[in-house]
Amino acid sequence: MPKPTPSSPAHMRERLEAILHRTNHAIYEFANQLFQQVGGTFQQAVVLSYIHFNPGCNQKAVEKSLEIRSATVTVLLTTMAEKGLIERQRDLRDARCLTLSLTPKGKKTLGRCREVFETLGEVLGNGVSDEELAVLRKVLGRMTENCRRAEGMGLKESFTKNRE
């Protein structure tokens, strides 16, 4: 098989993964630096926002909607409860479940997080036109769909079996 050249489609795909990884890492690190100023992390801010818009939700809803692993959500919620940002209460309909709600401190923190989200959006969009953002949203959405479709087709499992 010929070695990909810098302008070949195969080389562009390889570079694309590296670019996406580097961009994701840079955004995540920068976002965490910003959110540390309000006493939290990027993930905590996202969860606070979710609970605000979905009062009375439970941990499973957070996991599913935000696509975060159960163990990660458990740690996030425990930390947020210890900081006094959220309350967990027994669900009256299902005693096995705990419902989540923001405390007054959580609501105040969320207000500060909104300012950070605004700043993050401004920094990320600096020098990027509305048309470019529209294309970016469309392309990233398509890539996400492609990955989910490939997962559903068992390509991940197939790849793993072929490598053993």
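Predicted model: local features only at pLDDT ≥ 70, side-chain atom pairs only at ≥ 80, totals over all residues.
Residues are numbered from 1 along each chain as its sequence is written, and side-chain values use heavy atoms, without hydrogens and water.

I then turned to the rings. Rings of Phe, Tyr and Trp (its six-membered ring) pair if their centres lie within 6.5 Å; planes under 30 degrees apart are stacked, over 60 edge-to-face, and the rest tilted. I found four aromatic pairs by this rule. Phenylalanine 35 and phenylalanine 42 make a tilted pair, at 5.8 Å centre to centre and 45° between the planes. Phenylalanine 42 counts as partly exposed because its relative accessibility is 22%. Phenylalanine 42 also pairs edge-to-face with phenylalanine 117, at 6.3 Å centre to centre and 65° between the planes. I recorded phenylalanine 117 as partly exposed, with a relative accessible area of 28%. Ring pairs join Tyr28, Phe35, Phe42 and Phe117 into a cluster.

Lastly, I examined the lining of the largest pocket. By class I noted eleven nonpolar, six polar and two charged residues there (Ala, Val, Leu, Ile, Met, Phe, Trp, Tyr, Cys and Pro count as nonpolar, Asp, Glu, Lys and Arg as charged, and the others, Gly among them, as polar).

How values were computed:
Buried < 20%, exposed > 50% of the residue type's maximum accessible area, 1.4 Å probe, protein only.
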